[in-house]
Amino acid sequence: DDRRRQNGVLGFATVTTVLTSIVLSVVLFLVAPAITSRTLQEPALTTVIQLFSVAMPFQAMTRVVSSSFRGIESPLDRAVVSGTSHLLRLALVGGAVVLGYTLVGATAAYALSTATALLVAIVLLFSRTELRPARPVDREHVRELLNYSLPLTVSRGGNLLYNRVDLFMVGIFLGASDVGIY
């Protein structure tokens, strides 16, 4: 019964994360031109924002897999997921920079690294555990999960904005080079 409940939690987390991250990703992708025109007015910024928006669902799902390992108290597997993610990012983005790619190329390498990290994380999850996404046990279980996760989501979103508001303000009122220096 515990395994069934764990699989239900993983299924709920997977569905809500995929749906939410895709919706936010599409919105960000579509508003990228407006963000560019109202902030740095750097043409490449639109493409960079759009590439980051493509990476968002992969990054979010990698966190779900990592949290799954934390939930079953497997710190080694969680460290492998985290380390692999960081190493792939370093290798691909660093490789793009060394090979002379522009910011757009390095951002595309970042997006590729997030997709690859998710693939590695899923393979690790399925090969090392019996966890499989499933439907939550019952409606009460879904209600419990929502009551727990929604306030955390809002709180984390607020913290992200609070911690980055200075960067947003510099981007709105100053130029691209000032943001880079800041």
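Is V31 buried, partly exposed or exposed? I found that V31 counts as partly exposed, at 33% relative accessibility (buried means under 20% relative accessible area, exposed over 50%, partly exposed in between, with a 1.4 Å probe and protein chains only).

**Entry 1: the model.** I noted that this is a predicted model, in which local features need pLDDT of at least 70 and side-chain atom pairs count only at pLDDT 80 or more, while totals for chains, interfaces and linings use all residues. Residues are numbered from 1 along each chain as its sequence is written, and side-chain values use heavy atoms, with hydrogens and water left out.

**Entry 2: the nonpolar patch.** I placed V31 in helix α1 (helices, H or I, of at least four residues, and strands, E, of at least two, are DSSP runs numbered from the N terminus). I then looked up a nonpolar surface patch of about 780 Å², whose members include V18, F29, V54 and F58. Helices α1 and α2 (43-71) are the elements that give two or more residues to this patch, and α1 gives the most, with eight residues. Patches are made of residues with over 30% relative accessible area and no salt bridge; like charges are joined within 9 Å, and nonpolar side chains (Val, Leu, Ile, Met, Phe, Trp, Tyr) within 5 Å. Accessible areas come from the Shrake-Rupley method with a 1.4 Å probe, and for residues only the protein chains shown count as cover.

**Entry 3: salt bridges.** I recorded three salt bridges in the structure (a side-chain nitrogen of Lys or Arg within 4 Å of a carboxyl oxygen of Asp or Glu). In one of them, R5 pairs with E144, and their closest N and O atoms are 3.0 Å apart. R5 lies in helix α1 and E144 in helix α5, so the pair ties together parts that are 139 residues apart in sequence. D77 and R128 also form a salt bridge, at 2.9 Å from N to O. Here D77 belongs to helix α3 (residues 75-98) and R128 to helix α4 (residues 103-128), so parts 51 residues apart in sequence are tied together. D77 is buried, at 5% relative accessibility. I also noted the salt bridge of R143 with E140, at 2.8 Å from N to O; these residues are three apart in helix α5, separated by about one helical turn.

**Entry 4: residue N7.** I found N7 in helix α1 (residues 2-38), where N7 is buried at 11% relative accessibility. Leaving aside residues up to four places away in sequence, N7 touches E130, L131, R132, P133 and A134 (contact means heavy atoms within 4.5 Å).
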